[in-house]
Amino acid sequence: MNPITGEKIIAINGQDYTLRFTWRALSEIETKHGESPNLFDPAIVAHVASCGLRDRHPEMTPDRIMDLSPPLAPFVRDVQQAMQWAYFGPEALPKEQTGEAKGVKKNNPHGLWQRFVAQFHKAFHRQSFGI
């Protein structure tokens, strides 16, 4: 695991793989699935993960991941963490940006992804336009 380089080691059926989302991979994911992909849809998370695995493990296609069928919830968690590192590096979002300071519940994983993307776009907009 290396949050600085964005590399996350994930295990699929006892085999370790290095997951890393390049800008090209992130762009492909957003183009195909929009800014808030439903990672709890097995076909979508398989495609998203294959984008992150492509550079080091080109054999890990969406079909191959679907055939291996790793446990969904831990797999989604690892994919989300690798994507967060790709966007923010080793730094976590400040509490006021994640909603923790406002008491927002964090129990819905799909909602977490939507909040993550929404906060990223807000932060990017503020930095880009000096807001």
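These are my notebook entries on a predicted model.

**Entry 1**

I began with the strands β1 and β2. They run antiparallel and are joined by 5 bridges. I looked up two cross-strand pairs: A11 has D16 in β2 as its bridge partner, and I10 stands opposite Y17 in β2.

Next I checked which way the side chains of β1 point. They alternate along the strand.

Is N13 buried or exposed? I find N13 exposed, since its relative accessible area is 52% and the cut-off for exposed is over 50%.

**Entry 2. Other positive phi values**

I looked for positive phi elsewhere in the chain. S69, which is not a glycine, has a positive phi of about 45°. S69 sits in the loop between α3 and α4. I also recorded G34, which follows α1 and has a positive phi near 80°.

**Entry 3. Helix α1**

I asked which residues of α1 are buried. They include A25, L26 and I29. I then looked down the axis of α1: its buried residues fall within an arc of 100°, so they line one face of the helix.

On the face turned away from the buried side of α1 I found the exposed residues W23, R24 and T31. As for what covers the buried residues of α1, I noted α2 and α4 among the elements.

**Entry 4. The nonpolar core**

I turned to the largest nonpolar core, which has 24 residues. Which of its residues touch the most other members? I list F21, V48, F75 and V79. The elements giving two or more residues to this core are β1 (8-12), β2 (15-19), α1 (23-33), α2 (42-53), α3 (62-68) and α4 (72-88). Of these, α2 gives the most, with 7 residues.

Leaving aside neighbours within four places in sequence, I found F75 in contact with I10, I12, V45, A49, I65 and P70.

**Entry 5. A buried serine**

I also looked at S50, which lies in helix α2. S50 is buried, with a relative accessible area of 4%. What is S50 in contact with, neighbours within four places in sequence left aside? I recorded M60, T61, P62 and I65.

**Entry 6. Salt bridges**

Last, I went through the charged pairs. Side chains of opposite charge can pair when their charged atoms come close. I counted 4 salt bridges.

R56 forms one with E7, and I have their closest N and O atoms at 2.6 Å apart. This pair links distant parts of the chain: R56 is in the loop between α2 and α3, E7 is in the segment before β1, and 49 residues separate them.

The side chains of R54 and E28 meet in another, at 2.8 Å from N to O. This pair also links distant parts of the chain, 26 residues apart, with R54 in the loop between α2 and α3 and E28 in helix α1. I checked how open the two partners are. R54 counts as partly exposed at 37% relative accessibility, and E28 is partly exposed with a relative accessible area of 28%.

R77 forms a salt bridge with D78, the closest N and O atoms being 3.5 Å apart. Is D78 buried or exposed? I have D78 as buried, because its relative accessibility is 12% and the cut-off for buried is under 20%. I also found K8, R77 and D78 linked in a network of salt bridges.

Definitions and conventions:
Residues are numbered from 1 along each chain as its sequence is written. This is a predicted model: local features need pLDDT of at least 70, side-chain atom pairs count only at pLDDT 80 or more; totals for chains, interfaces and linings use all residues. Side-chain values use heavy atoms; hydrogens and water are left out. A nonpolar core is a set of buried Ala, Val, Leu, Ile, Met, Phe, Trp, Tyr and Cys residues joined through side-chain atoms within 4.5 Å. Buried means under 20% relative accessible area, exposed over 50%, partly exposed in between (1.4 Å probe, protein chains only). Helices (H or I, at least four residues) and strands (E, at least two) are DSSP runs, numbered from the N terminus. Contact means heavy atoms within 4.5 Å. Two strands pair if DSSP finds at least two bridges between them. The arc is that of the directions from the helix axis to the C-beta atoms.
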